[in-house]
Structure formats: structure tokens, C-alpha cells
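Q: I have a structure open and have not looked at it before. Can you walk me through it?

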Amino acid sequence: MQCFSFLKTMMILFNFLIFLCGAALLGVGIWVSVDGPSFLKIFGPLSSSALQFVNVGYFLIAAGAVLFALGFLGCYGAHSENKCALLMFFFILLLIFIAEVAAAVVALVYTSMAENFLTVVVVPAIKKDYGSQKDFTQVWDVTMDGLKCCGFNNYTDFEGSPYFTKMQGFPPYCCNNRANGTAGEPCTREEAESKDVQGCFKQLLYDIQTNAATVGGVAAGIGGLELAAMIVSMYLYCNQK
């Protein structure tokens with residue numbers, strides 16, 4: 001009985017934290033979607049992650065909504081001892097866990113396939129929106145500046161983009177001076193070819209591999225918490241009167 005009460009209390013506290021994290025992510029996601037430039041102005045120099053390859057605002061809103069619902073189900077199920085809520089919590093968390101494992105396997109085993117898939121999605125977006133969509137352009141500028149990279153694959157990603165059409169050249173990051181990390185205007189095709197600045201996808205992979213121990217530790221920690229939450233929720237479910 002004491003074990004049941006202890007696990008119930010821990011379940012409530014754990015899911016309350018998830019609930020708060022979900023609410024925070026929802027708020028940030030809405031902020032990014034409504035006023036992206038102000039967000040990037042504050043946090044841009046610190047953000048050089050894979051999220052910059054996708055629509056950050058919508059991603060955060062979706063992640064926040066899932067965490068918000070998950071935290072609510074866990075809290076409500078544990079507090080009211082509702083078997084239906086606990087079972088829903090378990091299955092949602094199980095689906096998330098399976099999706100994370102599948103994504104990790106794909107990332108490790110099928111890196112080239114993932115790169116090809118992202119190339120089909122990201123490169124056309126660069127050619128269409130870079131230089132015309134302010135938020136999109138600013139996200140890529142921050143990414144290229146932070147990772148010291150150029151485009152998704154290389155400088156050719158910008159050929160035919162609004163920026164290239166207007167400036168008759170490539171973004172200055174594609175002519176980055178590796179010795180001192182500076183970039184000069186203009187960036188011509190000849191300079192871009194001679195500098196051969198690496199694409200952001202490969203640079204991101206390199207950064208992840210360099211910090212593999214940290215990335216692996218964080219992933220293992222998250223997976224462990226998810227497994228523990230599933231075990232506790234199932235224990236509470238099976239021991240309800």
C-alpha cells in the first residue's frame with residue numbers, strides 16, 4: 001500500500017512537470033509562429049540544431065500539444081485512479097518510445113537515405129524561399145553562421161533562389177574564411193568553389209558524432225524515464241481496486 005501511494009505521488013509529480021513543459025513548448029511554438037524574428041534575435045546565436053531545418057514553430061506546437069496531453073492524462077489518471085486515462089497514457093508513451101527507437105535506427109543505419117529524403121524536401125524550399133521569405137532566410141542565416149556551413153549540401157543549393165537572382169551571387173557564408181571564421185561580400189561562384197564550405201547537414205552530423213557520448217547519454221536518459229513512466233503507469237493500472 002505504501003509503495004502504491006509513493007508511486008502514485010511520483011507519477012503525479014512527474015506528469016505535472018511534463019504538463020508544464022508541454023505548456024511552455026506550446027507558448028514558445030506560438031511565439032515563433034507569430035513573431036519568429038524576435039525569437040531568433042534573442043536565441044539565434046545559441047540555436048544550431050536540427051530543428052532549424054524544419055518549421056520550428058509548428059514543430060514546437062505539435063511537441064507541446066503531445067506533452068501537454070500526456071502530462072494531463074498521467075496526472076489525471078494517477079490522481080483519480082482512472083484506469084482508462086492510465087491505459088491511454090501507457091499506449092501513447094509506448095508509441096512515442098517506439099517512434100524514437102525507429103528514428104534512432106534510421107538515423108544510424110540509413111543516414112544516406114535520410115540525407116536523400118531531406119535533400120528532396122529542403123533544397124527546393126531553399127531555392128523557392130531563401131531571399132524572399134524573411135523568417136526562412138533568417139533561420140538559415142543563423143544556422144549557417146552558427147555551424148559555419150553553406151546550404152544543405154553546398155553553395156549550389158542557392159542557385160535559382162530569390163537571393164541568387166537579386167544579388168547575382170551566393171550568401172557570404174558560402175565564401176567563409178575558415179582561418180578566422182569571417183565571410184565577405186560578394187560571394188561569387190569562383191570563390192564558393194575554391195572555399196568549398198561544407199553543407200549544413202554534413203556539418204551537423206559531424207557535430208553530433210563529435211558529441212556522441214553526450215547525445216547518447218541524453219537519449220538514454222529520456223528513454224529510461226519513458227520506460228520507468230510506462231512501468232509505473234501499468235503498475236498503478238494493475239493494482240487499482
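**A first walk through the model**

A: Start at S161, whose side chain reaches the backbone oxygen of F158 at 2.7 Å. Keep in mind that this is a predicted model.

Q: Where is S161 placed?

A: S161 is in the loop between α6 (134-147) and α7 (162-167).

Q: Is S161 buried or exposed?

A: S161 counts as buried, because its relative accessibility is 0% and the cut-off for buried is under 20%.

Q: Which residues does S161 touch?

A: Leaving aside residues up to four places away in sequence, S161 touches I126, K127 and Y130.

Q: Back up a bit. How many helices and strands does the protein have?

A: There are 10 helices and zero strands. Along the sequence the pattern reads α-α-α-α-α-α-α-α-α-α.

Q: And how much of the protein counts as buried?

A: Of its 241 residues, 32% count as buried. The accessible surface of the protein is about 13800 Å², and carbon and sulfur atoms account for 69% of that surface.

Q: What share of the contacts is between residues 24 or more positions apart?

A: Taking the contacts with a separation of 6 or more, 68% are between residues 24 or more positions apart.

Q: Now the aromatic rings. How many aromatic pairs are there?

A: The count comes to eight aromatic pairs. One of them is F152 with F201, a tilted pair with 5.2 Å centre to centre and 35 degrees between the planes. This pair links distant parts of the chain, with F152 in the loop between α6 and α7 and F201 in helix α9 (residues 200-210), 49 residues apart.

Q: Are F152 and F201 buried or exposed?

A: F152 counts as buried at 1% relative accessibility. F201 also counts as buried, at 8%.

Q: Why is the pair of Y155 and F170 edge-to-face?

A: The planes of Y155 and F170 are at 85 degrees, so the pair is edge-to-face, and the ring centres are 5.1 Å apart. The cut-off for that label is over 60 degrees. Y155 is in the loop between α6 and α7, while F170 is in the loop between α7 and α8 (189-195), 15 residues apart.

Q: How buried are Y155 and F170?

A: Y155 is buried with a relative accessible area of 13%, and F170 is buried with 1%.

Q: Which residues do ring pairs link into a cluster?

A: Y130, F158 and Y163.

Q: Different topic. Where is L86?

A: L86 is in helix α4. L86 is buried, with a relative accessible area of 0%.

Q: What does L86 touch?

A: Not counting residues up to four places away in sequence, L86 touches M11, G77, A78, S233, L236, Y237 and Q240. The C-alpha atoms of L86 and V232 are separated by 9.7 Å, and these two residues are 146 residues apart along the chain.

Q: Which residues make the nonpolar surface patch?

A: V101, V105, L108 and V109 make a nonpolar surface patch of about 380 Å². V105 lies in helix α4 (residues 83-109), and L86 is in helix α4 too.

Q: Why does V105 count as partly exposed?

A: V105 has 40% relative accessibility, so V105 counts as partly exposed. That label covers values between the cut-offs for buried, under 20%, and exposed, over 50%.

Notes
Residues numbered from 1 in each chain as written. Predicted model: local features only at pLDDT ≥ 70, side-chain atom pairs only at ≥ 80, totals over all residues. Heavy atoms only, no water. Patch = residues over 30% accessible without salt bridge, like charges linked within 9 Å, V, L, I, M, F, W, Y side chains within 5 Å. Areas by Shrake-Rupley, 256 points an atom, 1.4 Å probe, with all protein chains shown as cover. Salt bridge = Lys/Arg side-chain N within 4 Å of Asp/Glu carboxyl O. Helix = DSSP H or I, 4+ residues; strand = E, 2+ residues; numbered from the N terminus. Buried < 20%, exposed > 50% of the residue type's maximum accessible area, 1.4 Å probe, protein only. Contact = heavy atoms within 4.5 Å. Polar contact = N/O pair within 3.5 Å; in protein donor to acceptor, adjacent residues only side chain to side chain. Phe/Tyr/Trp six-rings, centres within 6.5 Å; stacked < 30°, edge-to-face > 60°.
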